[in-house]
Amino acid sequence: MILWHLGVTAAVIFLTLGRRGIDYRMVMFGALLPDLIDKPIGRVFFADQFENGRIFAHTLLFSTVLLLGIQLFLRGRTARRWFIVPIAAVIHQVLDGMWNEPVTFFWPLFTTRFPRDPVGDYWLRVLMRPLEEPIVLLQEVIGLALLLYIASAYRLWERDRRTQFIRTGYLTERPVRTRPKETDAS
């Protein structure tokens, strides 16, 4: 559920923290970070050992250590850019309903092993899930709608604004500097 995580996380961050110096590229990165870490580890590289796509990065410990690491080792502009990543990762965990999986969410408090979630043809199931479960499709549509709303509100369809957003990650209402229009000298 990529669009669901991206759209809702961006909307929550925007509604709570606004635009004030937040690099929304980092918001998007943090929104997907738990899956970017856990899916390859638990479903590809160590599938026989874990058989689960929600392991280390879906724990509260992961977000806490990430936040502490950022606060202890980064300073200035770099710290301000990265501080949002663990917050977005926690929002990802909330959207996944990790409190319903306390053994994973509070790992290693209850046990050091992660529960197994064997699924045959996992990647095919991921692709088919929006078609089989209407709520998943609805969530993806909601995520897309939120992303489109933010893009529309900040006129990211304009090339200069989109380029500035891609370069800086900031949402800005100020007009983007463009090249002066040429006037006829006749």
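Predicted model: local features only at pLDDT ≥ 70, side-chain atom pairs only at ≥ 80, totals over all residues.
Residues are numbered from 1 along each chain as its sequence is written, and side-chain values use heavy atoms, leaving out hydrogens and water.

**Overall fold**
- The chain has 10 helices and zero strands; these are DSSP runs numbered from the N terminus, with helices being H or I of at least four residues and strands E of at least two.
- Along the principal axes, the C-alpha atoms fill a box of roughly 75 × 45 × 30 Å.
- Of the 186 residues, 37% count as buried (buried is under 20% relative accessible area, exposed over 50% and partly exposed in between, with a 1.4 Å probe and protein chains only).
- Among contacts (heavy atoms within 4.5 Å) between residues at least 6 apart in sequence, 62% join residues at least 24 apart.

**The largest nonpolar core**
- This core holds 21 residues, of which Ile13, Ile22, Tyr24, Val27, Ile84 and Leu171 touch the most other members; a nonpolar core is a set of buried Ala, Val, Leu, Ile, Met, Phe, Trp, Tyr and Cys residues joined through side-chain atoms within 4.5 Å.
- Helix 1 (2-17), helix 2 (24-45), helix 6 (84-95) and helix 9 (134-153) each supply at least two residues of the core, and helix 2 gives the most, with six.
- Not counting residues up to four places away in sequence, Leu171 touches Phe14, Arg19, Tyr24, Ile150, Tyr154, Leu156 and Phe165.

**A buried threonine**
- Thr104 sits in helix 7 (residues 102-105) and is buried at 0% relative accessibility.
- Beyond residues up to four places away in sequence, Thr104 touches Arg54, Ile55, His58, Thr59, Met98, Phe114 and Pro115.

**Salt bridges**
- The whole structure contains 11 salt bridges, each a side-chain nitrogen of Lys or Arg within 4 Å of a carboxyl oxygen of Asp or Glu.
- Lys39 pairs with Asp35, their closest N and O atoms being 3.5 Å apart; both residues are buried, and because they are four residues apart in helix 2, about one helical turn separates them.
- Asp117 and Arg43 also form a salt bridge (3.3 Å, N to O). Asp117 lies in the loop between helix 7 and helix 8 (122-132) and Arg43 in helix 2, so this pair ties together parts 74 residues apart in sequence.
- Asp117 is partly exposed at 37% relative accessible area, whereas Arg43 is buried at 12%.
- Asp23, Arg25 and Arg81 are linked in a salt-bridge network.
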